[in-house]
Amino acid sequence: MAKNKNTQPAQEKQAGSNKQEQQSRPAKKPAVNNVITEKERKGFRLSVHVYYVAGVALLTWLFLNVCTNNLLTNWDDPGYIKDDKFIKDLSPEGISNIFSRDNSIMGNYHPLTILSYAIEYSNVHLEPWLYHLDSLLFHIGVTLLVYWFVQLLTKRPLAAAIAALLFGLHPMHIESVAWLAGRKDVVYGLFYMAACIGWVYYVRAAGNKKIVWYVAVVLLFICSLLGKPVAVILPVTLFLIDYFENRNWSIHKVNADSSLNELSAIKKVSWNYWILLDKLPLFAISIFFGLQSIHDQKKFGSLDSENTAYNILERIALGAYALISYLWKAAVPVKLCNFYPYPLKVNGALPVFYYIYPAIAAVIIFLVCYFGRKNKVVVFGTLFFLVNIVLLLQFLPVGGAIIADRYTYIPYLGLFFIAAWYVSGFFEQGKNKTVGYTVLGGTLAYILVLGYLSNERCKVWYDTNSLWRDEIEKEPVRAPNAWNNLGFNYFNKYNDAVNPAERKLYYDSSVYFLNEAIRLQPSFVNPYISLGELERTEGNSNPATMQYHFAKAKEFYYKALSLPLTDEGPNAYLGLAIIYAISHNFDSSGFCFHEAIKDKPYFPEAHSNYGNFFDMTQRYDSALVHYGIAIAQNPDIMAPHLNRGRLLTRLGRPEEAMKDFQICLTMAPDNGEVYFARSLLYNQKGNKAQALADVKKARSLGYNQIPPAYEQLLNAR
């Protein structure tokens with residue numbers, strides 16, 4: 001055939017050339033030394049990987065370990081951790097509940113992520129350090145898998161190290177690491193990258209090993225989906241790996257019939273249908289989890305955009321805006337926020353400049369296709385980014401943010417892959433190493449800058465105050481939720497404070513931030529309810545102005561009930577129920593308690609206060625039942641333990657009461673109110689010395705509601 005005729009002379013020429021070279025060169029050493037050299041070469045390659053992996057892990061840890069000092073925030077952390085009943089039960093039944101498809105959390109079904117919280121809770125309860133440490137370790141694990149994946153594809157350890165460092169230290173990835181509610185990104189990312197690695201081995205394997213690797217990929221894919229449903233895109237990503245590995249759709253075979261003429265004998269074409277068939281089970285799994293995710297998000301109310309409707313053209317414009325934002329933030333990660341609000345419409349229309357973004361996106365895509373279509377690295381990296389980001393461009397709106405740092409967690413790997421390939425290319429054979437070292441030095445300097453920025457970004461996530469003050473500084477107008485969340489945090493500080501000056505400072509701060517949220521968005525329900533909580537609490541702690549503050553609180557609660565409520569209605573009913581109970585309007589109080597619990601059966605705060613209501617109306621058995629429900633739903637709230645302990649003291653059940661007080665002191669060892677309640681129990685049991693000691697302890701902690709006559713009675717023993 002023509003191919004053989006063309007190659008034969010070349011082979012003879014090469015042989016002749018080799019013969020002349022052999023005559024002019026000194027004799028080679030025995031072949032045994034070549035074996036040793038090969039072993040040394042393998043050992044060198046292994047040591048290179050060890051050094052790179054250790055360096056990547058160490059640098060990622062050094063820059064990001066500051067996040068292990070962070071606390072919980074009020075941005076979804078309560079829903080996923082503090083108030084989540086599922087993480088507080090690691091029994092077989094509890095684990096079954098975690099994996100039940102009916103038990104999505106805040107619109108997300110990610111049981112593996114919830115299970116990780118449950119394991120941490122079983123060890124340290126709500127101490128945040130272990131949660132943050134595990135999130136960082138998950139992220140380092142994903143980063144090392146990125147190294148493995150890039151090394152497998154490129155056979156370039158330097159490229160793998162650069163890609164891994166860009167991935168591990170990029171500031172856009174900090175949200176997934178430093179935010180405890182962002183754990184789902186690092187969990188799904190771990191299994192997602194492992195599945196990609198497994199697919200490379202599957203493509204390269206033969207025989208039974210191919211089956212083993214395929215099963216491994218399926219299992220890893222399911223685990224990734226159980227970490228976060230966004231992993232549904234994996235089957236498409238696997239097509240990209242097929243492309244990079246030269247796994248073609250068509251197979252060209254040489255026709256063995258030698259009687260045919262040369263042109264017809266060259267090849268026959270057959271289609272490699274297995275490339276599609278081996279993805280079909282994975283697509284079926286994706287569809288199942290995708291439909292489940294849409295159902296969960298719709299049920300939770302996440303498939304809205306702050307009650308603002310956008311038509312299809314506006315959606316395209318906003319999607320293109322998000323795409324361009326992700327691209328430039330990949331290179332220049334500045335002005336990062338934890339919440340990027342949708343643009344405000346002007347006279348009912350999207351600002352005109354947003355319609356420029358589809359044109360910009362089209363130009364970028366055209367340039368990449370035109371100049372890079374024959375470059376496998378550019379095609380693979382670009383499509384990896386686009387495929388993994390496309391479902392997150394808010395064409396199907398989920399939540400109230402147009403973009404989110406966490407959405408880039410896996411997609412950015414495609415861009416890092418391209419950058420790492422070209423930087424490492426300067427060190428390939430025949431390249432100018434001087435230029436290569438200059439480029440590498442610049443790249444490492446850039447990576448160190450990213451590390452510094454990430455370290456600073458970790459500090460923004462330290463607590464609720466630092467988080468929302470940063471958001472307000474960058475989005476003072478378009479993010480009323482930031483003002484509301486900061487105002488509610490000051491309400492919690494006010495509620496916990498004992499010093500009158502501190503209480504007034506936190507009260508005034510809470511009022512300011514919550515009213516600012518209302519000014520920015522008058523239809524925003526949450527700040528009205530938070531102001532109601534603030535005024536109710538202030539009235540309850542100050543008898544002289546109780547009626548004034550209760551009247552203001554009711555005004556805020558009823559205003560909230562007049563607005564579209566989403567899931568906040570039960571909170572307004574609970575506030576009203578408490579006010580009516582304290583005012584001895586028990587009929588109205590009972591109605592409001594019923595409405596709150598009817599609309600929100602899992603509501604430990606409501607059941608706890610309903611127990612107080614039954615205690616006030618002398619229905620003690622019902623009170624004990626609802627205290628028990630509150631504790632069962634959330635064993636980490638102190639109020640039902642404290643109030644049940646008080647009731648059990650009055651009912652003459654001191655042993656049970658003492659257990660509740662001890663639990664309270666375990667939760668809040670510096671709470672003076674608990675010591676006073678326990679003092680009453682000791683006094684009832686005749687232990688006046690311990691009763692007096694608890695009174696003194698309560699007073700030293702700032703508790704000032706101790707009747708003087710009671711203390712005098714104990715001193716006169």
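Student: Which helix does Asn485 lie in? After that, please take me closely through H29, residues 639-650.

Tutor: A quick note on the ground rules. This is a predicted model, where local features need pLDDT of at least 70, side-chain atom pairs count only at 80 or more, and totals for chains, interfaces and linings use all residues. Residues are numbered from 1 along each chain as its sequence is written, and side-chain values use heavy atoms, with hydrogens and water left out.

Asn485 lies in helix H21, residues 480-496. Helices here are DSSP runs of H or I with at least four residues, strands are runs of E with at least two, and both are numbered from the N terminus. The protein chain has 33 helices and four strands. Asn485 has a relative accessible area of 12%, so it is buried (under 20%; exposed is over 50%, partly exposed in between, with a 1.4 Å probe and protein chains only). Beyond neighbours within four places in sequence, Asn485 is in contact with Asn74, Trp75, Thr464 and Trp468, contact meaning heavy atoms within 4.5 Å.

Now for H29. Its 12 residues should span 16 Å at 1.5 Å a residue, and its end C-alpha atoms are 17 Å apart, which agrees; the expected span is 1.5 Å times one less than the number of residues. Buried residues in H29 include His641, Leu642, Leu647 and Leu648. Helices H27, H28, H30 and H31 are among what covers the buried residues of H29.

Let's pick H30, residues 654-667: the axes of H29 and H30 come within 8 Å and cross at roughly 155°. Axes are lines fitted to C-alpha atoms, for helices over the stretch in contact, with angles from 0 to 180 degrees between N-to-C directions. That makes H29 roughly antiparallel to H30 (over 145 degrees; under 35 is roughly parallel, 65 to 115 roughly perpendicular, the rest oblique). The crossing is left-handed, a word used when the near helix is turned anticlockwise from the far one by less than a right angle, with clockwise being right-handed.

Where they meet, residues of H29 including Arg644, Gly645 and Leu648 face residues of H30 including Asp660, Phe661 and Met667. By class, this contact has seven nonpolar, three polar and four charged residues. Ala, Val, Leu, Ile, Met, Phe, Trp, Tyr, Cys and Pro count as nonpolar, Asp, Glu, Lys and Arg as charged, and the others, Gly among them, as polar. Finally, H29 is followed by Gly652, with a positive phi near 75°.
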